[in-house]
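Please look through the structure below before reading on, and keep it in view while you work through the points of this briefing.

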Amino acid sequence: MPHSQVVIGVDSSTQSTKAAFTDAATGRLLAVGRAPHRVTGEAGARETDPEVWWQALCEAVAMGLKESGVPASAVTGLAVAGQQHGLVVLDAAGKPLRPALLWNDTRSAPQAAALTEALGGPDAWTARTGSVPVASMTAAKWQWLRENDPASAEATAAVRLPHDFLTERLAGTAATDPGDASGTCWYSTQTGAYDPQLLALVGLDESMLPTVAPTGAVRVGSLTASAAEQLGLPAGIAVAAGTGDNMSAAVGLGLGGAGLLDHPVLSLGTSGTVFAATRTRPASAALSGFAAADGTFLPLGCTLNCTLAVDKVAELLRLDREDVAPGGEAVLLPYLDGERTPDLPTASGLLTGLRHDTTPQQLLGAAYEGAAVTVLRALDEVLRACGLDPADPAVAGRPLRLVGGGAQGRTWVETVRRLSGRPVIVPESGELVALGAAALAASAATDEDPVAIAASWKTGDGPELPPVARDMETWERVGSVLDRAAPSLLS
Ligand SMILES: Nc1ncnc2c1ncn2[C@@H]1O[C@H](COP(=O)(O)OP(=O)(O)O)[C@@H](O)[C@H]1O
Ligand SMILES: O=C(CO)[C@@H](O)[C@H](O)COP(=O)(O)O
């Protein structure tokens, strides 16, 4: 039987690369190639060599080709969704000058604070960019580089985000999309373009940046002969602009202009994120006010400590991640990487409520609860940014869609149900970021709307779990420890 057309959606996230080989007509996942990344650094540093991402992309594609059994000639398009905000600096030949500074590298916190001040405070930033420059934002990382590694900053010919570094390797074109660009803090969600005053503030020339494609779906080029040879794919196939990983998950879930608006999502990965696609441009200092990949917006709250931090606690306790009990009196705020929401970049973890009869399983349960409450506290602000009243029963009853690696874990799902009191949808496919990228690739190959493509694929479908009674006692206990301890968590 002849093979139908296949598109490849790449998720290049913090811990790994996944390449989703997807039937372009039906959205059926034919195979997912995978390759891990190495993140290095101590004392707030988090770095990865961009060449590691390129090698991982090549390995993941090779694995996907082998496991799907599809001939390379069936592949018609590719798109990359990447971890947001990372700073990649290239020389004139396009070679990385040093390892990339990742979204969860908190060394740039002082530069973020100085930038916030320089423009007149948080509101001045949200009015222009939608977001305040916390340590995660690319502008703060660029300022850190200028102060701490001036030789690399001076040698920099081009600045890229992780996903557009990879897109350029594929297509030879320096292009990005509004979604990922809106995480730099030098792109304005107000004007839909780089902001000349902000570029001047950080001493960057626009010619060093990729061109912003109108949406992440646009075809920005074709697979070059050199990339085609390294990947074992046909030269000339469509390459889309791609986007950031959260924006891509929104596409994969069918959220955006042609699909569901104002419906909340919780992503459980290295980061915990809550977001929704909406038509209202967000400008709340409590959130990141990103652009989405399809012309709508993506208000988003992000924590630095989610699945990886909880897995670390399980490892310290020598427990399987599912060998767990509710925390009881114990409260554990697992801020092992500092924190972003709330903005506590130098924080470390905190344990309270320890008793003689506290069990290791309760301590692990308390870590899940601490991570879940921290990210879920941003949910009401996301709903408000969509113009909704979180107290409205119709809004409170909207299901929460769970994505990211943690959504595959029973304890994560049950902890979120218990602490949110909401119905929860766990999409059957665990690879929403990669599937969103596959929809962007299909859109680049056919010119159809990417959200409509993902909606027709039904990649966001899954069983809806009914709400359970909300555990307000734990919600309030964890929240109260966080509120009282927050300032003292800073080192
Ligand atoms: N079955 C599972 N149960 C609970 N957690 C899981 C499961 N599978 C993967 N994870 C978690 O998912 C995380 C990786 O998720 P992913 O969304 O790929 O992360 P990232 O995008 O940050 O690279 C790991 O930290 C791991 O703890
Ligand atoms: O910084 C953010 C969002 O603003 C993170 O969500 C990164 O995009 C990394 O995501 P994961 O690797 O955890 O998926």
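The model is a predicted one, and the protein is divided into domain 1 (6-245) and domain 2 (260-426 + 461-491).

**The two domains**

- The centres of domain 1 and domain 2, taken over C-alpha atoms, are separated by 26 Å, and the contact between them takes 27 residues from domain 1 and 24 residues from domain 2.
- On the side of domain 1 that touches domain 2, α3 (122-129) and α7 (178-181) each supply at least two residues, and α3 gives the most, with four residues.
- That side of domain 1 is made up of eight nonpolar, 17 polar and two charged residues.

**The surroundings of ligand 1**

- Ligand 1 is surrounded by 16 residues, of which the closest are Ser-13, Gly-269, Thr-270, Gly-405 and Gly-409.
- Domain 1 and domain 2 each give at least three residues to this shell, while its largest share, three residues, comes from helix α11 (residues 307-317).

**Helices α10 and α16**

- Helix α10 (residues 245-252) packs against helix α16 (residues 432-446) at an angle of about 75°, with the axes 7 Å apart.
- Because angles of 65 to 115 degrees count as roughly perpendicular, α10 and α16 are described as roughly perpendicular to each other.
- Among the residues that make the contact are Asp-245 and Ser-248 of α10, together with Leu-432 and Val-433 of α16, and the contact as a whole divides into nine nonpolar, three polar and one charged.

Methods:
Residues are numbered from 1 along each chain as its sequence is written. Chains are lettered from A and ligands numbered from 1 in the order in which they are written. This is a predicted model: local features need pLDDT of at least 70, side-chain atom pairs count only at pLDDT 80 or more; totals for chains, interfaces and linings use all residues. Axes are lines fitted to C-alpha atoms, for helices over the stretch in contact, and angles run from 0 to 180 degrees between N-to-C directions. Angles under 35 degrees count as roughly parallel, over 145 as roughly antiparallel, 65 to 115 as roughly perpendicular and the rest as oblique. Two residues are in contact if their C-beta atoms, placed from the backbone, lie within 7 Å. Ala, Val, Leu, Ile, Met, Phe, Trp, Tyr, Cys and Pro count as nonpolar, Asp, Glu, Lys and Arg as charged, and the others, Gly among them, as polar. A residue is near a molecule or strand if its C-beta atom, placed from the backbone, lies within 6 Å of it. Domain bounds come from an automatic or database domain assignment.
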